[in-house]
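Good morning. Please have the sequence and the model open while I talk.

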Amino acid sequence: MFGDNSSGFLNESNIVDYINRVSNYSEFNSNIKGFLEFLYQDVSATQTFEARQLSGQGKPDLVITSNGIEKYVSVKKGSGNSVHQEQLSLFENFMRRNGVPDSIISILKQFHYADGTINGSGTLRIDSRTFIQSHTTEIIQLNVELNREQLL
């Protein structure tokens, strides 16, 4: 059963309308400023932004553009804690489309399953902290690749 997400869609519209109406970074409220700083890192006081909702049922929900750079955003709204996980295969496809090497994708899958496999077929799973401690070099490689400007 699917819930009513009309307030979520309204929230997306409100965000897009606000960004387009205000446009200039220095005039945004502190919440939007913080969010834009997270998305774009180096933001100038005179930088302008525009936003638009994306059509269809898929993710992401909207795109924010500044200086010709587009950032895709999924918007969540709810009254309680919610956990949402996309299929690993969708993220894997995204990484491949953006030139992430198979060796890096393999490291991510090893971390994800943490059972000595890249498909979850192992019998003994370890926690993330233990995996990171025993695979420090690989985790650094993974982080470097996933933090490339083209993926942000």
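I will go through ring pairs, then charges over rings, then salt bridges.

This is a predicted model, in which local features need pLDDT of at least 70, side-chain atom pairs count only at pLDDT 80 or more, and totals for chains, interfaces and linings use all residues. Residues are numbered from 1 along each chain as its sequence is written, and side-chain values use heavy atoms, with hydrogens and water left out.

Rings first. Rings of Phe, Tyr and Trp (its six-membered ring) pair if their centres lie within 6.5 Å; planes under 30 degrees apart are stacked, over 60 edge-to-face, and the rest tilted. Searching the whole structure gives five aromatic pairs. One of them is phenylalanine 91 with phenylalanine 94, which is stacked, at 5.9 Å centre to centre and 15° between the planes. Both sit in helix α3 (residues 88-97), three residues apart, about one turn of the helix. Helices here are DSSP runs (H or I, at least four residues), as are strands (E, at least two), numbered from the N terminus.

Phenylalanine 91 is partly exposed at 35%, and phenylalanine 94 is partly exposed at 29%.

Next, phenylalanine 111 and phenylalanine 131 have ring centres 5.5 Å apart and planes at 65°, so this pair is edge-to-face. It links distant parts of the chain, 20 residues apart: phenylalanine 111 is in helix α4 (residues 102-113) and phenylalanine 131 in helix α5 (residues 128-134). Phenylalanine 131 is buried at 4%, whereas phenylalanine 111 is partly exposed at 28%. Ring pairs also join Tyr18, Phe28, Tyr40 and Phe49 into a cluster.

Now charges over rings: NZ of Lys or CZ of Arg must be within 6 Å of the ring centre and within 35 degrees of the ring normal. Lysine 71 lies over the face of tyrosine 40, 5.5 Å from the ring centre.

Last, salt bridges. Side chains of opposite charge can pair when their charged atoms come close. The cut-off is a side-chain nitrogen of Lys or Arg within 4 Å of a carboxyl oxygen of Asp or Glu. How many does the structure hold? There are five salt bridges. Arginine 52 and glutamate 70 form one at 3.7 Å, N to O. Arginine 52 is in strand β1 (residues 50-53) and glutamate 70 in strand β3 (residues 69-73). Another joins arginine 148 to glutamate 145 at 2.6 Å, N to O.

Technical notes. Buried means under 20% relative accessible area, exposed over 50%, partly exposed in between (1.4 Å probe, protein chains only).
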